[in-house]
Amino acid sequence: MNIVKKLLEKDNYNLQELTTLLKTEGEERRLLYARAAEIKAQHVGRKVYYRGLVEFSNVCGKNCHYCGIRRNNRNLTRYNLGDREILDAVKFAYDNRYASVVLQSGEIESPGFTDRIEKLLMGIKKTSNNELGITISLGEQTDDVYRRWFSAGAHRYLLRIETSSRKLYRKIHPDDGRHDFDRRLECLRSLKDLGYQTGTGIMVGLPFQTIEDIAADIIFMRDFDIDMVGLGPYIEHRDTPLYQYRDQLIPPEERFHLAMKVIALLRIIMKDINIAAATAMQAIDPLGREKALMAGANVIMPNITPGKYRDSYKLYENKPCTDEEAEDCTSCLEARIHMAGDEIGYGEWGDSKHYPRRRGNDEPVSGQR
Ligand code: SAH
Ligand code: SF4
């Protein structure tokens, strides 16, 4: 107990200290969460920002070994929302004062896709009188594509590193020249250089992953000086190659707490970044996202994808709220967030406070409604 208490008085850690903190249980673990909550209140406040999440297509050119919508899975219906449907979902976010949206899909690299997204981004800005903030999460693309989407109005990008261990990255992706750790790193660098608020993250509890790997992931995110994090537990999916290792996984509850501990440690170390309480947290624990808010997270991405498509965007099993419509989520979520003791920053972009600071400029880069 004493060692952990002493560590919690510090705000930066080496690999070994992180490993110790990642192994905490019971009262020590509670203290870790409480410390993160305190730092959150001090540095970013007790406000939660919404990003309306539109999972607009499950068509994917990639074959990640963990993901339910990987190209080789024939066991699902592929869909691709029309522009009208996407803009309607975005309008729902705007009308409900979410202030930001996230566009996410499988990864497609093609001139047609680039053009379509560029037009959509401009459409979203137009639909919302330039008021909605836009995050995109569309995988690895060239510098030029990232630049075009930035110019068209996206200002945040989420691209998870998944794991900072080159060796583990290799094991969870096919070795076909299209799933390359160095390319992922290059993409992250390019996003940062272009001026995006850059978000990354990992899956916690992957097969073959050690506690030391996760400690190294935290150091990676610190040293890469990211602005935002989205992370959650790995959840097995039966139609994927990694499913064969399901017996080797740590139990879901432990995976959940491990993800909570990573969130808490990132909050303690990085202080002013934005941290999303990922939907995968809720897949394990019905109150998972609210618990994450109490351990340092400050962003929630309510799913605003039209209900009829939700069942087909199953990256993992047990995905919550796949039978709901966006309206159902709003009031349910609001009550849950108040229960966690936070308030919702309606109408505010809630940009990462870390971004202007890391760029050596304390002027906010974006406005409020
Ligand atoms: N195609 C884009 C965005 C969609 S996937 C991309 O890959 O970046 C978004 C995230 O879902 C991935 O980064 C991955 O971390 C997560 N994911 C995929 N399969 C998962 C699983 N089985 N369990 C938990 N998270 C998963
Ligand atoms: Fe495609 Fe993303 Fe899933 Fe990989 S994680 S298969 S890129 S949707």
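Figure 1. N72 is partly exposed, with a relative accessible area of 41%. In this predicted model, N72 belongs to the loop that runs between β2 (52-57) and α4 (83-95). G61 is eleven residues away from N72 along the chain, and the C-alpha atoms of N72 and G61 are separated by 9.1 Å.

Figure 2. The residues around ligand 2 are C60, K62, C64, Y66, C67, I69, R70, G106 and E107. By type, the shell divides into five nonpolar residues, one polar residue and three charged residues.

**Figure 3. Close-up of the aromatic pair Y50 and Y346.** The structure holds 13 aromatic pairs. In one of them, the ring centres of Y50 and Y346 are 5.8 Å apart and the ring planes stand at 85°, so the pair is edge-to-face. Y50 lies in strand β1 (residues 47-50), whereas Y346 lies in the loop between β11 (343-344) and α15 (354-358); the pair therefore ties together parts that are 296 residues apart in sequence. The two partners are described separately for solvent accessibility. Y50 has a relative accessible area of 2% and is buried, while Y346, with a relative accessible area of 25%, is partly exposed. Ring pairs also join Y50 and Y346 with F92 and Y98 in a cluster.

Figure 4. A pair of aromatic rings is described by the distance of the centres and the angle of the planes. For F220 and F224, the centres are 5.4 Å apart and the planes are at 25°, so the pair is stacked. Planes under 30 degrees apart count as stacked. Both residues lie in helix α9 (residues 211-224), four residues apart, which is about one turn of the helix. F220 and F224 are both buried. The ring of F224 also has a charged neighbour: the charged end of K192 sits over this ring, 4.8 Å from its centre.

**Figure 5. Close-up of F208 and K171.** F208 is found in the loop between β7 (203-204) and α9. The charged end of K171 sits over the ring of F208, at 4.7 Å from the ring centre. With a relative accessibility of 32%, F208 counts as partly exposed. The backbone of F208 has a phi near 75°, a positive value in a residue other than glycine. Most residues other than glycine have a negative phi.

Figure 6. N130 has a positive phi of about 65°, although it is not a glycine. The loop that holds N130 runs between α5 (111-127) and β4 (133-137). N130 is exposed, with a relative accessible area of 54%.

Figure 7. L32 lies in helix α3 (residues 26-43). At 0% relative accessibility, L32 counts as buried. L22 is ten residues from L32 along the chain, and the C-alpha atoms of L32 and L22 are separated by 9.5 Å.

How values were computed: Residues numbered from 1 in each chain as written. Chains lettered and ligands numbered in written order. Predicted model: local features only at pLDDT ≥ 70, side-chain atom pairs only at ≥ 80, totals over all residues. Heavy atoms only, no water. Near = heavy atom within 4 Å. Nonpolar A, V, L, I, M, F, W, Y, C, P; charged D, E, K, R; others polar. Phe/Tyr/Trp six-rings, centres within 6.5 Å; stacked < 30°, edge-to-face > 60°. Helix = DSSP H or I, 4+ residues; strand = E, 2+ residues; numbered from the N terminus. Buried < 20%, exposed > 50% of the residue type's maximum accessible area, 1.4 Å probe, protein only. Lys NZ or Arg CZ within 6 Å of the ring centre and 35° of its normal.
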